[in-house]
Amino acid sequence: MPPKASKGEYIETDTGNKISRRSLIHGTQHIILGGKTVIQSDAVIRGDLYRISSSQQQQQQQHKPTASTSTSTSTTSTTSASPNPSVAITIGRYSYISRQAILRPPSRLHRGVYSFYPLKIGDHVFVGERAVVEAASVGNHVQIGRDAVVGSMAIIKDFACVLDGAVVAPGMVVPSWCVVGGAPARIVGEVGEGYGVEGAEGGMARERYRVVGR
Amino acid sequence: MSRPFPYAYISCPCANTPVPDPSKKRRSRESPQKASHHPDHPKPPPRFDDSEDEQTFDPRAPRSNFSLYPPEHLLYCEDCHQIKCPRCITEEIVCWYCPNCLFETPSSMVKSEGNRCARNCFNCPACTAPLAVNTLENVVRGGTSQQGPWVLSCGYCMWSTLDIGIKFDKPTNIRTQLAKLTATDSNPARSRQMSRTFGELKSPLSTFASIDEPFPPASGEARADDSSDQSTTPLSPDARFHALKNFYKNQISATSSSPNDPLGVDFGAGFSSPGALNRIMSLYTSSSRLSSLYGGASKKPKTKPPVMREALTASEGFQTPAPDAEMSFLQRMAREECGWDGLASLEQRGFQPPTARFVDELLPLATLLRTKRAKRCKSCKHILVKPEQKPQSTRFRIRLIALSYIPLPTLRPLTMPVPPPAGTAAAGVTMAATTTSISMPVNLDALPPLRPTQLLLTLKNHMFDPVRITLATPAVTPGRVASRVTILCPQFDIGANSDVWDEALQANSATAAATADQRSSRSGAGAVAASTTTNNPPFGVYEKVAEAGKVWDKGRNWTTVVLEVVPGTLPPSSATLPPPKTTTTTTTKITETADNDGDSDSNSDTSSFGTGAVPDWTGQAAERDKQQQQQQQQQQPLQPDEDVLEIPVFVRMEWDSENQIDRPGVSAAGEMVKRELAYWMVLGVGRIDPSVLG
């Protein structure tokens, strides 16, 4: 990410991502941004919570006693050591992470091992202010309201809408076209068929992107 | 309203009586049917008749609640050429699916098993969050992990089936396991009956054949062990229901003389059929003799039919509560370990068997299924929306949404400082000076009253034909808080939603093409803001002044016009008493036309508030009689959301379109047909600042 010459509030990458200089992004090498993504100030993105696969762990354990080079690589970054770097967070195009939102990869205890899983966020997703997202996957054109909490390993399908202040329980599945709200979140309604049409509700992502940084 | 400002709602014309459409295409409009839906409509004359109809849509009228929809919720019927709201469509179920596992359930299974997920999907009985299947023990021995008994646990409130003492042997097919567990738990003697409880909502015909088999022996012996039966745990509610149902079905078939008696087949089907209803009605109207029931009055039964009896024994589903049941409940409630938290709340009990009163009697709830629905026009039965059947698919086979026909309205405040227009002073003062970002300098949640605010209304056309738009708005918004509204350019054209490349190729110079392309690729309002900020230097924006009769900006398929709003003053609330105004303005304004409604409103209100006198409304015009009745309630404090500035705008669009092929005989396809569509929309601008008083 070469910073632009002008010291604006936002760093604009080659693919058009607009990232606030005041955002807190950890573990950048484990984060994939699809382009034209906006990350506002004070947003926290925890790319450092990536999954260490079991084979990788074994590799490290095997390599540790033998070669000092491998340990050095593993200390610099695990991604360079393994052929396929583990991705913690993927964000699609035209997604918008509002101020003070927190994106954190989901985690769970599976067979006695506590591990993180990748967080996949689709295109045209809006994450409201102070929202905490720990979902396993967030589909396209999803709207997550202000102060909403999306619990660990939740799945939010395309064109879903999480209302402001909703608490989506861990592991919940929000089907497409559904509106969830409340704590714990329940399906309270459905969005209209026109949801996600460019310029209408759910389709404001391009405009949101355009406005940022001007 | 629920949406953040600014918003735009569109009113579906169905809220009013059917409309004599000015356009010729009104074949499928069904006036009598629709009129019958609203028999108590206060204003029978049609509202959208023609331009001379001056009835203003009132966004605050109680009826408006039912006709205003966000644009994306509206559909459009190509046959009726009319906007269709959720009230003017019918729905058909395309498929049933579980919202948790997103598996489709065949509708036959929904009928037989009830509309709950038959797999592993459960909701927490305490908080309704979905339950997860978790293992209790996890022993990893040499690569293979051994996983112990399984429980359902809630990740939200930490409830688990351990709280009610249930563990599962395997992590699959939880629902049948649970059915077995609950059945054997309550009464092992009846387990055969009750293991079928969950799946027992089968078609009545399938169980009909086997009705006699379980009961005759049971009824004999049940009487014997009646007392012991009731002292122990009674039947589970599901089993009891089925026992009762079977018993009465049995009774009916036994007492009914005619084999075709619909009552004997099934309760539901019997009562729903008109013949059965006739029979039941005649029971009450004619003689009360039983013989009239069976076989009708004309044909006398040969023997006296046996009289139906009621359920008597526990095996028949009859239950007498234990004599000390209430006391034991009370004692349990009073006990230390139960307390308030031990009692199930009303919400929780609503989804549980009626006997469940304590939290440790709550059973996990199998997830309710949801449906995907196709939508049809109510009047012409054409399909408007047809989603793909797969539950996971978000695509549609047919999707006639209103947004592809009517222009999409977008409202945004004009952010640049505006020199005060003639007649009003200090317009641009409240607006912040030029800023780098176009974050709103105008706080829409606190609009200063009596100060002109300019708004940009962008209409974006999604049709492939250019559209001519005529906007109309009342000079003063209806209601107590009267704001003045002026659309600076009420008549304009919007370009067709043509191909971007066509547009680029048609443009004259390369640079023009580039800019046009750049602009047109943007969506309406944002493009306006972007173009003004990018093309003009920060202070150059002064040069662009909203002019009456001129379009503010125009793109490939969108046009922006300026709306000038002078928010009215709020009536005084009990909290803030406004300073009384000068009487000179009052008198002059009262003599004026309806334009200054708001001022006079608040004025008389102030005086009445202070002195308790009745507001003087005698000099008002006759057409405001109805309004006067509302003014009687002037003394009332500000109603919720009354301070929201909502502007009703009448939109009339005209365009030439190719004739549809679906109208055979009218004219050949390909011929251009003039069309028009008119509707009301409501622009929610913002909330008027209560603290500032003009």
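**Pairing, burial and confidence**

Modeller: In this predicted model, strand E17 (residues 149-150) of chain A pairs with E20(A) in the parallel sense, over 2 bridges. Within that pairing, A:Val150 stands opposite A:Val168 in E20(A).

Colleague: How do you know which residues A:Val150 touches?

Modeller: A contact requires C-beta atoms within 7 Å. Leaving out residues up to four places away in sequence, A:Val150 touches A:Val132, A:Val133, A:Glu134, A:Ala135, A:Ile144, A:Ile156, A:Val162 and A:Val168. A:Val150 is also among the residues with the most contacts inside the largest nonpolar core, together with A:Ile156, A:Val162, A:Val168, B:Leu75 and B:Met681. That core has 158 residues, and its largest share, 8 residues, comes from strand E24 (residues 672-687) of chain B.

Colleague: Why is strand E17 (residues 453-460) of chain B said to be largely enclosed?

Modeller: 8 of the 8 residues of E17(B) are buried, so the strand is largely enclosed by the rest of the structure. B:Thr453, B:Leu455, B:Leu457 and B:Leu459 point one way, while B:Gln454, B:Leu456, B:Thr458 and B:Lys460 point the other way, and all are buried. Strand E16 (residues 408-413) of chain B pairs with E17(B) in the antiparallel sense over 6 bridges. E17(B) also pairs with strand E22 (residues 558-566) of chain B, in the antiparallel sense over 8 bridges. B:Leu455 is the bridge partner of B:Pro413, and B:Leu455 stands opposite B:Leu563 in E22(B).

Colleague: Why is A:Trp177 called buried, whereas B:Asn173 counts as partly exposed?

Modeller: A residue is buried at 20 or more other C-beta atoms within 10 Å, and exposed at 12 or fewer. A:Trp177 has 21 such atoms, and is therefore buried. B:Asn173 has 14 C-beta neighbours inside 10 Å, and so counts as partly exposed. A:Trp177 has a positive phi of about 65° although it is not a glycine, and its place is the loop between strand E21 (173-174) and E22 of chain A. Phi of B:Asn173 is near 55°, and this residue is found in the loop between strand E11 (150-154) and helix H3 (174-186) of chain B.

Colleague: What makes the span of helix H8 (residues 237-255) of chain B close to the expected one?

Modeller: H8(B) has 19 residues and reaches 26 Å from its first C-alpha to its last, close to the 27 Å expected at 1.5 Å a residue. Its buried residues are B:Asp238, B:Ala239, B:Arg240, B:His242, B:Ala243, B:Asn246 and B:Phe247.

Colleague: Which residues make up the contact between chain A and chain B, by number?

Modeller: The contact takes 29 residues from chain A and 38 residues from chain B. On the side of chain A that touches chain B, the largest share, 4 residues, comes from H4(A). That side divides into 12 nonpolar, 7 polar and 10 charged residues.

Colleague: What confidence does the predictor give the complex, and what is the average for chain B?

Modeller: The complex has an ipTM of 0.83 and a pTM of 0.70. Chain B averages a pLDDT of 69, and 57% of the residues score at least 70. Over residues 19-52 of chain B the pLDDT is below 50, and this stretch has 39 contacts in the model beyond near neighbours in sequence.

Conventions:
Residues are numbered from 1 along each chain as its sequence is written. Chains are lettered from A and ligands numbered from 1 in the order in which they are written. This is a predicted model: local features need pLDDT of at least 70, side-chain atom pairs count only at pLDDT 80 or more; totals for chains, interfaces and linings use all residues. Two residues are in contact if their C-beta atoms, placed from the backbone, lie within 7 Å. Ala, Val, Leu, Ile, Met, Phe, Trp, Tyr, Cys and Pro count as nonpolar, Asp, Glu, Lys and Arg as charged, and the others, Gly among them, as polar. The expected span of a helix is 1.5 Å times one less than its number of residues. A nonpolar core is a set of buried Ala, Val, Leu, Ile, Met, Phe, Trp, Tyr and Cys residues joined through C-beta atoms within 7 Å. Two strands pair if DSSP finds at least two bridges between them. pLDDT is the predictor's confidence in each residue, from 0 to 100.
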